[in-house]
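Me: Please take a close look at a single part of this model, the ligand site.

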Amino acid sequence: MYTQAMDTAPKEERKPIRSAEEAQLEARFETRIDEGDFVEAKDWMPEHYRKTLVRQISQHAHSEIVGMLPEGNWVTRAPTLKRKAILLAKIQDEGGHGLYLYAAAETLGTSRDQLLDALHTGKAKYSSIFNYPTLSWADIGVIGWLVDGAAIMNQVPLTRCSYAPYARAMVRICREESFHQRQGFDALMVMMKEGTETQREMVQDAVNRWWWPSLMMFGPPDGESVHGAQSARWGIKRISNDELRQKFVDATVEQAKVLGVSMPDPLLKWNEARGHHDFGPIDWDEFWRVVGGHGPCNRERLAARVKAWDDGAWVRDAALAHASKQARKQATQEQAA
Ligand code: FAQ
């Protein structure tokens, strides 16, 4: 389960030989991209561009709604009313991000039902990070600080993505993500500066468990990134996986000093010559295991999403019945008029 790339384009759309007209359209498209133009939903685009976007945007949308689950696990156990209200608002925001993103993917001609079916049947991926468990309250702070921090680093360049509906969705999402990152950092600051020794240890333990998976969020090294070069060529990805990962490490190490936590990496150190932090090797076997469906919580996460979909069937049925009743009523009124 959950191992294949998403393949939503119907087979008959794959033409082995391009017509002269198609080649011309493609050349014009490439020129527009080179000139930094944005592409709108109704514009002509190569099938592979469309497919790449549906894959990335839908994976992103799935990540947002699966990402609600690890945090949802702590709503009933938040330590204060204030923290509970903040957590609820954050989780609702993530649901909203999923909806903007599904809407952006739908503009490319794939229905939401198809997209969700790909998630539920394990054909579509979602971010590896959400297959790890949230073991203590400190994990919630660390998700805000590191996971939302990594998400922002990756998503700010997407506000300049060549596909305009995705870029527009990302502007709004990034604004909200920055609040998410700050609330996580704030929760950790309180634990570190005003908490007990046990609470400080909880924070350090959470950082130890989430650090490496956060670095994996940026995807495989550039040399192994299947889509990286083409997506950069098309202006979908503006900064490569490795460059973003490095920017994240550099920014986060400074924040860790303010918090008073250390990263679980003995090789992490400033490299004057490079002007960046060096860091230890990432366990890519673990990454591919998790992406391949064998992380600590993959089964649980997918089962929770499928259950939510099944439990919501009556709401969808009721909404459709209401809509067709309204349409019938309107048609009758129009006939009578
Ligand atoms: N997990 O060729 P590349 C969030 C797959 S949102 C799983 O480099 P690409 C908010 C990749 O799909 C977090 N799979 O791929 C939040 C491909 O497989 P495929 C999500 C991964 O697309 C916070 C294969 O590996 N953000 O956190 C991962 O050029 C807190 C080869 O990789 C986005 O989705 C991974 N980490 O670059 C919510 C941002 N990395 O499809 C709740 C948009 C790679 O051929 C709580 N996406 N793969 O079967 C992107 O920027 C890109 O898609 C990358 C991957 C950078 C993730």
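Which element gives the largest share of the lining of the largest pocket?

Reply: H6 does, with seven residues. This is a predicted model, in which local features need pLDDT of at least 70, side-chain atom pairs count only at pLDDT 80 or more, and totals for chains, interfaces and linings use all residues. Residues are numbered from 1 along each chain as its sequence is written, and side-chain values use heavy atoms, with hydrogens and water left out.

The largest pocket holds about 1000 Å³ of space. A pocket here is an open set of points on a 1 Å grid over the protein atoms alone, where a 1.4 Å probe fits, with protein on both sides within 12 Å along at least five of seven lines; lining residues have an atom within 4 Å of a point. Its lining has 46 residues, with Gln59, Ser127, Met217, Phe218 and Gly219 nearest the centre.

The ligand sits in this pocket, meaning that more than half of its atoms lie within 2 Å of the grid points. Around the ligand are 38 residues, each with a heavy atom within 4 Å of it. H2 supplies six residues of this shell, the largest share.

Polar contacts are pairs of N or O atoms within 3.5 Å. The side chain of Gln59 places a polar atom 2.8 Å from a ligand oxygen, while for Arg55 a side-chain N or O atom is 3.0 Å from an oxygen of the ligand. At Met217 a backbone N or O atom lies 3.3 Å from a ligand nitrogen. Taken alone, the ligand exposes 1100 Å², of which the protein buries 95% (Shrake-Rupley method, 1.4 Å probe).

Key. Polar contact = N/O pair within 3.5 Å; in protein donor to acceptor, adjacent residues only side chain to side chain. Helix = DSSP H or I, 4+ residues; strand = E, 2+ residues; numbered from the N terminus. Points joined across faces, edges and corners; volume = space filled by probe spheres on them.
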